[in-house]
Amino acid sequence: MYDVIETMDHSIIHHGKNSNRIYVMSLNYQDIPDIMDQLDVLASTNGYTKIIVKVPIEYIKRLEDYGYKKEAMIRKLYNGEKDGYFLCKYLDHERETDPFANACTKIIESAMRKEEDSCNVEIKDCFLCRQATKGDVADMVAVYQSVFKSYPFPIFDEAYLLKTMEENLIYFGIWHNKKLIALSSIELDEKNSNAEMTDFAVMKEYRGRGFARYLLNQMEEKLMSLNVKTAFTIARAQSEGMNITFKKNGYTYAGTLINNTDIAGHIESMNVWYKQV
């Protein structure tokens, strides 16, 4: 059973037992204060242990009044002007402590030591990188199923991938002799001129060749053509390779979302990175 995305009043929320949390993806200011109590009731009814909200800076005081605290901050997230924040409320004190905190700290310290550089990864003649189309969804599902034991969104469902393509996601892939071997996506927020760089997956036998970095560069070129102002990502805190990839591409570390997301088989902390495109 996948977590679900639905509307609560005028806001959009993502919730379910997999990540055991509520993620308010888009909070409408006119829903405050009533929605704050509704979120608490939903969490209590389902036994969720975390509520996390992504909002512009002017929402902070209202949320702090309801027990939320800052976990990450992205400069100029909204239309290249307003800063954006991830604020959260823990409903179980155990969820506030990451059992892998020491390892995650070492990974972020390792990434922070890396200098920004130009990507020198080349795609040889037997490889092709392009934007994915609706005809690719069966192969996309196969790649995601091979790479992830679990995921916070239903990327193992062809219908879901087709729906997101029609809405606000742009997928990129790398093919080796017509076999799809790597994927990533851009989740566009055209209204606020930002985009989440997400859904990176490289087949095990093709890792270590810089394909994630290559995909990221292709995605950034696409954002520039769309005049998107800010890119960000929510990367697994336990993935040294992905954190280094974003640091070397000029992204700024913005904070860690503790025990936030069900990915690769269990709930993990996630690091937020951002860049003005």
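Helix α3 (residues 101–112) packs against helix α7 (residues 240–248) at an angle of about 30 degrees, their axes 9 Å apart. The model is a predicted one, with local features needing pLDDT of at least 70 and side-chain atom pairs 80 or more, while totals for chains, interfaces and linings use all residues. Numbering starts from 1 along each chain as its sequence is written, and side-chain values use heavy atoms, leaving out hydrogens and water.

**Exercise 1.** Work out how α3 runs relative to α7, and what touches what.

*Solution.* Start with the angle: α3 is roughly parallel to α7, because angles under 35 degrees count that way. Now the contacts (heavy atoms within 4.5 Å): Ile 107, Ile 108, Ser 110, Ala 111 and Met 112 in α3 meet Glu 240, Asn 243, Ile 244 and Lys 247 in α7.

**Exercise 2.** Describe how β5 and β6 pair.

*Solution.* Strands β5 (residues 69–78) and β6 (residues 82–90) are antiparallel, over 6 bridges; pairing takes at least two DSSP bridges. For a landmark, find Met 73, whose bridge partner in β6 is Tyr 85. Then look at the turn: 3 residues separate the strands of this hairpin, and Asn 79 there has a positive phi of about 60 degrees.

**Exercise 3.** Find what Lys 89 bonds to.

*Solution.* Lys 89 forms a salt bridge with Asp 40 (3.1 Å, N to O); the cut-off is a Lys or Arg side-chain nitrogen within 4 Å of an Asp or Glu carboxyl oxygen. Then place the partners: Lys 89 lies in strand β6 and Asp 40 in helix α1 (residues 34–46), 49 residues apart.

Terms used
Helix = DSSP H or I, 4+ residues; strand = E, 2+ residues; numbered from the N terminus. Axes fitted to C-alpha atoms, helices over the stretch in contact; angles between N-to-C directions. Parallel < 35°, antiparallel > 145°, perpendicular 65-115°, else oblique.
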